Amino acid sequence: MTGMLLLVMILAVSCQAQPQVVNNEVEAMKLIAKQRFVNSYQAKAEELQAAVDELIMKPLLSPAADLVSVQPTTTSTSESTTSDMDTATSKWNQKDVPTTADGNVTNHSPFVTIVTNYTTINVTALPINTMTTKPSPSQCQIDLKTFQSDLLQGEHYALMMVDSYGKLPPGILQGNIQYWLGLYDECLNQTREIGDERMNYRGKYCVAGLNARKTKLPSIGICVPDSCSDNDLMEILGPKTPDSLLSVSYVLCNEVPEYSAAAIICLIFLSFFGLMIVIGTVHDIWMRHKVSRQDGFEKLTEDDANVNSINNTPTTEGIALHTGASHTHRADRQTARSIFGKVLLCFSLLINGDKILKTKQGEQSLGALNGIRVISLWWVMLGHTYAFAMTLFSNPTVTLDIVSRFTFQAVGNATFSVDSFFFLSGLLVTYLTLKYLQKHDGKLNWVMFYVHRYLRLTPVYMMVIFIFTTLTIHFANGPLYQAFFSPNPIFGIASAVTPCQKYWWTNLLYINNLYPSGINEECIGWSWYLANDMQFYIISPFVIYLLYHYFFVGVAFWSGLLITCFGSLIGISMKYSIYAGLLPQTPDQRTLGADVIYIRPYTRISTYLVGMALGYILYKYKDRVRMPRFVAIMGWMAATGIALAVVYGLYGTYHGNPINKAGSVVYITLCRFSWSVALGWVAFACVTGYGGPVNSLLSWSFWIPLSRINYCAYLLHPIIMFVFYYSLPNLIYFTDLLLVYFFLGNIVLSYSAAFILSVSIEAPFMALEKLLLNREKSV
């Protein structure tokens with residue numbers, strides 16, 4: 001069934017379906033308009049340009065524009081009229097579009113006139129109008145006057161700077177009014193190098209956000225001299241009175257980012273790890289060489305018998321080191337076995353790389369889980385590929401057509417892939433812990449049970465947060481890149497790294513799903529999953545211990561947790577009138593992705609509990625399951641039907657059959673539990689020998705190395721997507737093939753980066769933990 005779901009996922013992004021109309025189109029359009037475009041569909045293109053002229057072009061370019069006379073390049077076009085900025089503003093307020101006699105919209109923008117006809121500019125006079133009456137103008141104002149004068153004289157750099165400004169784009173009625181970015185690279189490549197007394201400068205790219213009372217206007221890319229700062233431009237462009245009809249709400253200029261003290265410390269850490277990797281690898285090579293000379297090249301590492309650890313994304317659990325030198329070289333053996341030598345070998349690329357890439361599995365491994373784990377993360381990446389890109393679509397109204405497709409239901413419901421991870425985590429922690437208890441007479445060091453889990457996940461997790469917060473700003477550039485990643489945002493605009501500066505400690509304590517209250521306020525918002533998983537892990541010993549020693553008490557406790565989860569889902573969905581569909585019926589309606597129900601532990605634990613139940617069943621009956629063929633077939637049919645009902649069951653809500661409140665409550669309460677039950681059958685059948693071709697696919701050795709770096713890929717893949725999307729010079733025009741290309745590229749880059757992170761940070765820490773704590777091969 002999982003293989004079938006993978007096929008469905010691929011078809012969802014590769015099949016070009018005919019656009020279909022959403023039943024509640026009016027409400028959906030209002031929601032999208034409120035969130036992204038805010039009544040843009042009532043705004044005429046010329047009115048938008050008039051507002052841009054008034055707020056941006058007039059303050060920056062009007063002293064030059066007022067002196068320009070334009071000669072038409074052809075005589076066949078009708079003569080256009082150019083109104084001044086006051087007229088343009090009046091027409092914006094009156095919602096009146098100027099037209100020529102033949103009905104065509106006139107081009108009344110001095111900015112557009114200059115850019116499109118700059119080869120015909122005639123300079124009639126060269127007086128320089130000052131932009132301020134202050135006795136001591138700033139360097140920004142001086143350079144702007146120079147820029148205006150050079151523009152009038154037709155200097156190439158000035159024309160190129162103006163050409164790079166954001167302009168009225170096509171697709172206004174497709175929602176393309178969020179960003180008018182212009183040409184980022186063209187702006188930065190311009191330099192004033194004219195041999196006169198005025199100062200030379202380079203172009204600086206900035207984004208100015210516009211507002212008209214309660215209506216959000218485009219964010220415009222502008223190009224100004226590099227002496228201008230955000231505050232300088234806000235003084236020039238900002239509202240003159242609090243009740244200004246048109247205003248500039250913010251200006252964000254792209255600066256060459258300096259390395260902060262935290263970034264330097266992060267680089268020192270990374271350099272230290274790099275040095276240790278080099279030393280450890282050289283030491284490993286030297287030891288192998290010495291051993292091979294005496295004993296014909298003997299292995300230096302001991303395979304971990306348990307590849308599938310209790311962690312949901314297992315990797316090397318540590319490195320047990322020994323030497324194979326003969327008794328005639330006792331000194332060499334003692335050196336290799338010394339603590340210092342073993343610490344160095346923990347950083348060896350050869351050892352860590354071999355541990356990750358080998359396809360051998362331990363005796364207790366549940367092979368099919370590797371395939372489920374990797375495919376589930378691919379499903380997560382598929383959903384994120386669309387979700388993150390949609391905020392940058394230049395044709396965002398296509399979203400309505402996309403989500404209404406039958407094939408897209410598997411993409412829109414990619415959140416169930418997270419429940420797959422909860423299920424796997426509950427299964428493995430229960431199965432492996434019970435196996436350990438059975439082997440050690442029911443005894444387990446429960447303190448180390450928690451310590452190992454914390455040390456297993458936290459070092460690489462904290463390192464990713466550290467890199468994301470301090471160094472990501474230096475990875476790339478683009479018109480929106482610094483606004484998204486800036487560690488020092490201004491004008492009250494929070495960047496993606498701002499929450500990490502305030503709330504990183506909540507991630508360290510694994511409480512970020514509870515505080516702060518919303519996923520958008522969390523440090524690396526996708527880490528809400530780790531907080532939930534750690535909290536489930538903390539309470540798991542109470543269930544496991546009771547199941548092992550007092551079975552019926554354990555079942556009662558397990559049932560109590562499940563009932564609590566169901567009760568929470570029912571109560572919250574009724575209290576907030578949560579709608580089960582992907583698109584709400586009204587702009588303020590909450591859906592299944594709302595924070596109050598999506599990231600809280602008491603609403604997500606049901607799938608973890610199903611995993612724990614299956615873990616106990618496999619512990620008791622893994623090698624004793626015998627069932628008739630027809631029973632196995634019925635099980636597969638039931639599991640497939642449940643999975644398809646969960647993923648595609650709400651398709652009718654987009655086509656005239658909206659789900660009522662009672663139906664929403666039932667679906668919200670049971671959908672994730674039902675998904676885990678269906679997935680539980682897949683795991684059970686594959687492990688017990690009734691998986692057939694599905695087991696062959698999921699147990700394929702190809703998945704094993706990928707499963708070992710799955711955790712790092714999970715941590716890194718949103719960062720890789722953000723860096724790529726926000727470094728693009730222009731917005732994304734959605735096509736199916738383009739998103740397929742993005743998806744495949746995201747997979748390759750995420751796992752490539754995950755391998756580097758795992759072999760250099762994750763594996764050494766795990767090896768050190770096993771070495772220093774003298775941990776046995778156990779849970």
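Keep in mind that the model is predicted.

Let's start with the sulfur links. The structure holds 4 disulfides, and with bonded cysteines counted along the chain they pair up as 1-5, 2-4, 3-6, 7-8. Three of them are set out here.

| Disulfide | S to S distance | Torsion about the S-S bond |
|---|---|---|
| Cys 140 to Cys 228 | 2.0 Å | about 90° |
| Cys 206 to Cys 253 | 2.0 Å | 100° |
| Cys 500 to Cys 523 | 2.0 Å | 90° |

What does each link hold together?

The link of Cys 206 and Cys 253 is right-handed. Cys 206 belongs to strand S4 and Cys 253 to strand S6, so the bond bridges 47 residues of sequence. Cys 206 and Cys 253 are both buried too.

Then there's Cys 500, in helix H20, joined to Cys 523 in the loop between H20 and helix H21; the pair therefore ties together parts 23 residues apart in sequence. Cys 500 and Cys 523 are buried as well.

Now for the helices. The axes of H25 (residues 629-648) and H26 (residues 661-687) come within 9 Å and cross at roughly 145°, and the crossing is left-handed. Among the residues making the contact are Trp 636 and Ile 642 of H25, along with Tyr 667 and Trp 681 of H26. By class, this contact has 15 nonpolar, 2 polar and no charged residues.

Notes:
Residues numbered from 1 in each chain as written. Predicted model: local features only at pLDDT ≥ 70, side-chain atom pairs only at ≥ 80, totals over all residues. Heavy atoms only, no water. Axes fitted to C-alpha atoms, helices over the stretch in contact; angles between N-to-C directions. Helix = DSSP H or I, 4+ residues; strand = E, 2+ residues; numbered from the N terminus. Left-handed = near helix turned anticlockwise from the far one by under 90°. Contact = heavy atoms within 4.5 Å. Nonpolar A, V, L, I, M, F, W, Y, C, P; charged D, E, K, R; others polar. Disulfide = S-S within 2.5 Å. Buried < 20%, exposed > 50% of the residue type's maximum accessible area, 1.4 Å probe, protein only.
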